[in-house]
Amino acid sequence: MPNHSQPQPSTSQPQSHSLLQPRKPQPSKPQPGQHLRWTGWGLTLLSLLILIQHQFEYQLPSWRVGLLGADPPKADLVLVEKGARRLSLIRNGEVYHQWRISLGFDPIGHKQREGDGRTPEGRYILDWRNPGSCCFKSLHVSYPDAADRAAAAARGDDPGGLIMIHGQVNGSGWLGWLNQYRDHTHGCIALRNGPMEIVWRAVEDGTPIEIRP
């Protein structure tokens, strides 16, 4: 008797061609200790940069400013805005250089007495300079004037003095980028060493300084 059943579809699957396809490259896995080696190299480089900055902190600002060519124009006024933490060099009524500064550790208000941590306010003179101070170069502010002395005497206080515009404390020039974001002086006006070099060259003895709240 003939078999009239329908032919069953074949269940066999076509052969895979995966053997003919190129393999995708597998991402390489970091070798054990590779991250530690990179960290070690990074710390070594950072330490070397700090050592160079520490060793040559007096030469580097002069070298950087020297790349600009001639000395900057002479300022006829230095303006300090305490609230904005900003020092500006002004010539013929126009600001031509401006930097962030840090102030005394208790900066609000006019200086009253020795040790109060305040930066004075008012108009004074930058009357002398010190190339070998405890900080990277410094210019002296003529505080206290006669009015400051009289006010302090009426209160029975010592008005204090030796207020300077200065760079970073010797040996810490490499930390200038951080120190400028905290008020750490005893009443002085602190700049990074590079800007201080420009101020040193641009400001002659006898230049007025105006310090605003």
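1. Let me start inside the protein: Ser 102 is buried, with a relative accessible area of 0%. Please keep in mind that this is a predicted model, and that the values in this note were computed from it. Ser 102 lies in the loop between strand 3 and strand 4 (122-130). Its side chain makes a polar contact of 3.4 Å with the side chain of His 184.

2. The surroundings of Ser 102 are worth a look on your screen. Leaving aside neighbours within four places in sequence, Ser 102 is in contact with Asn 179, Gln 180, Arg 182, Asp 183, His 184, Thr 185, Cys 188, Ile 189 and Ala 190.

3. Now for the overall layout. The protein chain has five helices and eight strands. Read from the N terminus, the elements run α-α-β-β-β-β-β-α-β-α-β-α-β. Of the 213 residues in the protein chain, buried ones make up 35%. The chain exposes about 13,700 Å², and carbon and sulfur atoms supply 59% of that area. Taking contacts between residues at least 6 apart in sequence, 65% join residues at least 24 apart.

4. How are the strands arranged? Eight strands form an open sheet in the order 3-2-1-8-4-5-6-7, and the pairing is mixed. Strand 3 (94-100) and strand 7 (189-190) are at the edges with a single partner strand each, so one side of each has no neighbour in the sheet.

5. Strand 6 (residues 164-166) pairs with strand 7 in the parallel sense, over two bridges. Ile 165 has Ile 189 of strand 7 as its bridge partner.

6. Helix 3 (residues 146-155) has details at its two ends. At its start, a side-chain oxygen of Asp 145 comes to within 3.2 Å of the backbone nitrogen of Ala 147. After the helix comes Gly 156, which has a positive phi, near 80°.

7. How many disulfides does the structure hold? It holds zero. Cys 134 is in no disulfide, although the nearest cysteine sulfur, that of Cys 135, is 3.6 Å away. The cut-off matters here, because a disulfide calls for cysteine sulfur atoms within 2.5 Å. Cys 134 is exposed, with a relative accessible area of 56%. For Cys 188, the closest cysteine sulfur is again in Cys 135, but at 7.3 Å that is too far for a bond. Cys 188 is buried, with a relative accessible area of 12%.

8. Next, the charged side chains. Side chains of opposite charge can pair when their charged atoms come close. A search of the whole structure finds twelve salt bridges. One of them joins Lys 111 and Asp 116, with the closest N and O atoms 2.9 Å apart. Are these two residues buried or exposed? Both Lys 111 and Asp 116 are buried.

9. Another salt bridge links Arg 113 and Asp 157, with the closest N and O atoms 3.2 Å apart. This pair connects distant parts of the chain: Arg 113 is in the loop between strand 3 and strand 4, while Asp 157 is in the loop between helix 3 and strand 6, 44 residues apart. Arg 113 counts as partly exposed at 35% relative accessibility, and Asp 157 is partly exposed too, with a relative accessible area of 22%. The loop that holds Arg 113 is also the one in which Ser 102 is found.

10. The last stop is helix 5 (residues 193-202), where Arg 201 and Glu 197 are four residues apart and thus separated by about one helical turn. An α-helix has 3.6 residues a turn, so residues three or four places apart point the same way. The side chains of Arg 201 and Glu 197 meet in a salt bridge of 2.8 Å, N to O. Arg 201 is buried, with a relative accessible area of 17%, and Glu 197 is buried as well, with a relative accessible area of 3%. Salt bridges with shared partners join Asp 71, Lys 137, Glu 197 and Arg 201 into one network.

Key: Residues are numbered from 1 along each chain as its sequence is written. This is a predicted model: local features need pLDDT of at least 70, side-chain atom pairs count only at pLDDT 80 or more; totals for chains, interfaces and linings use all residues. Side-chain values use heavy atoms; hydrogens and water are left out. Two strands pair if DSSP finds at least two bridges between them. Buried means under 20% relative accessible area, exposed over 50%, partly exposed in between (1.4 Å probe, protein chains only). Contact means heavy atoms within 4.5 Å. Accessible areas come from the Shrake-Rupley method with a 1.4 Å probe; for residues, only the protein chains shown count as cover. A polar contact is a pair of N or O atoms within 3.5 Å; within protein, one must be able to donate a hydrogen and the other to accept it, and residues adjacent in sequence count only if both atoms are side-chain atoms. A salt bridge is a side-chain nitrogen of Lys or Arg within 4 Å of a carboxyl oxygen of Asp or Glu.
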